[in-house]
Amino acid sequence: MLLALLTRNGVNAGKRFTPITSLTVKRAFSRSMSTPLLLSPSQLQELLLSDLPTDTKQVSILDSSWFMPNSPRKANEEFQEKRVPGAQFLDLDEVSSPHELGLKHMIPSERHFADACEGFGIEPTSHVILYDTHGVFSSPRALFMFRAFGHEKSSVLDGGLPRWEAEGFPIEAKPPVRASKSVYPTPVFDKGMIRSYDQMVSNSFTDLHSDSAVELIVDARSRGRFLGTESEPRPGLSSGHIPYSFSLPFTAFLQTRTIPNSSVQYSTFLSLPELRNALVSHVGDHAEAVIQGKRPITTTCGSGMTAGVLWLGLKLLGIQNVALYDESWTGYASRASSKIEKAET
């Protein structure tokens, strides 16, 4: 279906499209190698059009765009207007678990995740491609979810829909077509990838310099929110940070690009050397221990969304022991018993 859509939309006519070879794609998606965390638009295009075996080539594309509560933009409405051909819409607030504090987009139950996959026509062997309309914002959180449920065959489209369109690839504007329902067995959730409130509180009592087992906590919110000098976007919620955590704004892992002859901007990940430098500049000497696997690291943010950007950036650096605090700051600061710091770490 995707191949037909792309061919019908005139894929080969785009002058800005410089394809990589089929041999390159076969190497990149060999069964003996892990599925890449990131794909460029040209890599996705070549994957869709390549002559890979059918069971290897099965691709499901999900628009996982999400906007802050105070944003006037509506992700699903924008999806209905235009999308990568064949894409379906993943609502991260719907594919989630209820929470005692009313928090949104918490990690879903194992069966809820499997049911969502079946509704999208996704099978355990499907290569799931996730993108958003910012470039890089909410798609890493979606990737985190798929990987946490053991669906390793999943990737983020680096630069998302804006980059796809900017590089001359086809856009679908007609009403989306639902995929045929599939069968997706109930997966096993990797509990080690998520941190709870109690775990975060316990970890916050000890200085990293005194105990090598203490996890390094990095906060993806803006530095002003981290230091308590800026308000939180959620009314009534105090700003500040968890004791002994470090400020690492998710934007530090990204670069902003502008579509030629327009004012439209989008984000992509930095190169690996730049990602490493960004980590070192924000956490100092602790970076080396994290990179070498000697100290675990947990990402957090406002609600668990952009913590995914840090999670993915750290995974791109080859760091294995990376977790995410699902409730993040909204869950932590909503509890009266939480200790809130507003000074430099």
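Helix 7 (residues 139-148) packs against helix 13 (residues 307-316) at an angle of about 65°, and their axes are 7 Å apart. Here helices (H or I, at least four residues) and strands (E, at least two) are DSSP runs, numbered from the N terminus. Axes are lines fitted to C-alpha atoms, for helices over the stretch in contact, and angles run from 0 to 180 degrees between N-to-C directions. On that scale, angles under 35 degrees count as roughly parallel, over 145 as roughly antiparallel, 65 to 115 as roughly perpendicular and the rest as oblique. Helix 7 and helix 13 are therefore roughly perpendicular to each other.

A word on what you're looking at: this is a predicted model, where local features need pLDDT of at least 70, side-chain atom pairs count only at pLDDT 80 or more, and totals for chains, interfaces and linings use all residues. Residues are numbered from 1 along each chain as its sequence is written, and side-chain values use heavy atoms, with hydrogens and water left out.

Back to the helix pair. On the helix 7 side, Pro 140, Arg 141, Leu 143, Phe 144 and Arg 147 meet Gly 308, Val 309, Trp 311 and Leu 312 of helix 13; contact means heavy atoms within 4.5 Å. The residues of this contact split into six nonpolar, one polar and two charged. For that count, Ala, Val, Leu, Ile, Met, Phe, Trp, Tyr, Cys and Pro are nonpolar, Asp, Glu, Lys and Arg are charged, and the others, Gly among them, are polar.

How enclosed is helix 7? 10 of the 10 residues of helix 7 are buried, so it is largely enclosed by the rest of the structure. Buried means under 20% relative accessible area, exposed over 50%, partly exposed in between (1.4 Å probe, protein chains only). After helix 7 comes Gly 150, with a positive phi near 80°. Helix 3 (residues 41-49) has seven of its nine residues buried, so it too is largely enclosed by the rest of the structure. Among those buried residues are Pro 41, Gln 45 and Glu 46.

Five strands form an open sheet in the order 1-5-4-2-3, with parallel pairing. Its edge strands are strand 1 (38-39) and strand 3 (88-89), each pairing on one side only. Two strands pair if DSSP finds at least two bridges between them, and two bridges join strand 1 to strand 5 (residues 154-157), which run parallel. One thing to look for is Leu 38, whose bridge partner in strand 5 is Val 156.

Ser 155 also sits in strand 5, and with 0% relative accessibility it counts as buried. Leaving aside neighbours within four places in sequence, Ser 155 has contacts that include Thr 35, Leu 39, His 127 and Leu 143.

Ser 328 isn't a glycine, yet its phi is positive, about 55°. At 0% relative accessibility, Ser 328 counts as buried. Tyr 244 likewise has a positive phi, near 65°, but lies in the loop between helix 10 (223-227) and strand 8 (246-247). Tyr 244 is partly exposed, with a relative accessible area of 35%.

Last stop: Ile 340, in the segment after helix 14 (328-333). At 28% relative accessibility, Ile 340 counts as partly exposed. Not counting residues up to four places away in sequence, Ile 340 touches residues including Ser 238, His 241 and Trp 329.
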